[in-house]
Amino acid sequence: QVQLVESGGGLVQAGGSLRLSCAVSGFTFRIYYMSWFRQGPGKEREFVAHVTWSGSTTDYADSVKGRFTISRDNAKNTVYLQMNSLKPEDTGVYFCAAGRGGSAHGAYPYWGQGTQVTVSS
């Protein structure tokens, strides 16, 4: 059974930091790109970042470049998103996903249930 379970969300003040984790089971984690998406209130789900299967290459949405860092530990079947200098506009539900990489939702067959991040001003 495929499972992606996010954790680490919460309420933080603007300028603060959070680290999200996504634990994966039920498929061969190391062969997939892993990504984070987010969905803000009243907004569509948007791409945040992805990391290649080896962890050597990453890509980020312009809105988070320089503030967020995606990484993965293939030995632990876990992907992380370190979020620094958080802004109120970063508020939303954050989802991890496994697939072919990139920003298209259709490239990801596997999704987690999401974790809420709220940034207060």
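**View 1. Arg67 and its neighbours.** Leaving aside residues up to four places away in sequence, Arg67 touches Gln82, Met83, Asn84, Ser85, Leu86, Lys87 and Asp90 (contact means heavy atoms within 4.5 Å). Arg67 sits in the loop between strand S6 (58-60) and strand S7 (68-73). Is Arg67 buried or exposed? Arg67 counts as buried because its relative accessibility is 11%; buried means under 20% relative accessible area, exposed over 50%, and partly exposed in between, with a 1.4 Å probe and protein chains only.

A word on the model: it is predicted, so local features need pLDDT of at least 70 and side-chain atom pairs count only at pLDDT 80 or more, while totals for chains, interfaces and linings use all residues. Residues are numbered from 1 along each chain as its sequence is written, and side-chain values use heavy atoms, with hydrogens and water left out.

**View 2. The two faces of strand S1.** Follow the side chains along S1 (residues 3-7) and you will see them alternate. S1 pairs with strand S3 (residues 18-25) in the antiparallel sense, over 5 bridges; two strands pair if DSSP finds at least two bridges between them. Glu6 has Cys22 of S3 as its bridge partner.

View 3. On a 1 Å grid over the protein atoms alone, a cavity is a set of points where a 1.4 Å probe fits but cannot get out, and lining residues have an atom within 4 Å of a point. Which residues line the largest cavity? They are Arg38, Gln39, Gly40, Lys43, Glu44, Glu46, Glu89 and Thr91. By class, this lining has no nonpolar, 3 polar and 5 charged residues (Asp, Glu, Lys and Arg count as charged; Ala, Val, Leu, Ile, Met, Phe, Trp, Tyr, Cys and Pro as nonpolar; the others, Gly among them, as polar).

**View 4. Stepping back to the chain.** The chain has 0 helices and 11 strands (DSSP runs numbered from the N terminus: helices are H or I, at least four residues; strands are E, at least two). Buried residues make up 43% of its 121 residues.

Conventions:
On a 1 Å grid over the protein atoms alone, a cavity is a set of points where a 1.4 Å probe fits but cannot get out, and a pocket is an open set with protein on both sides within 12 Å along at least five of seven lines; lining residues have an atom within 4 Å of a point.
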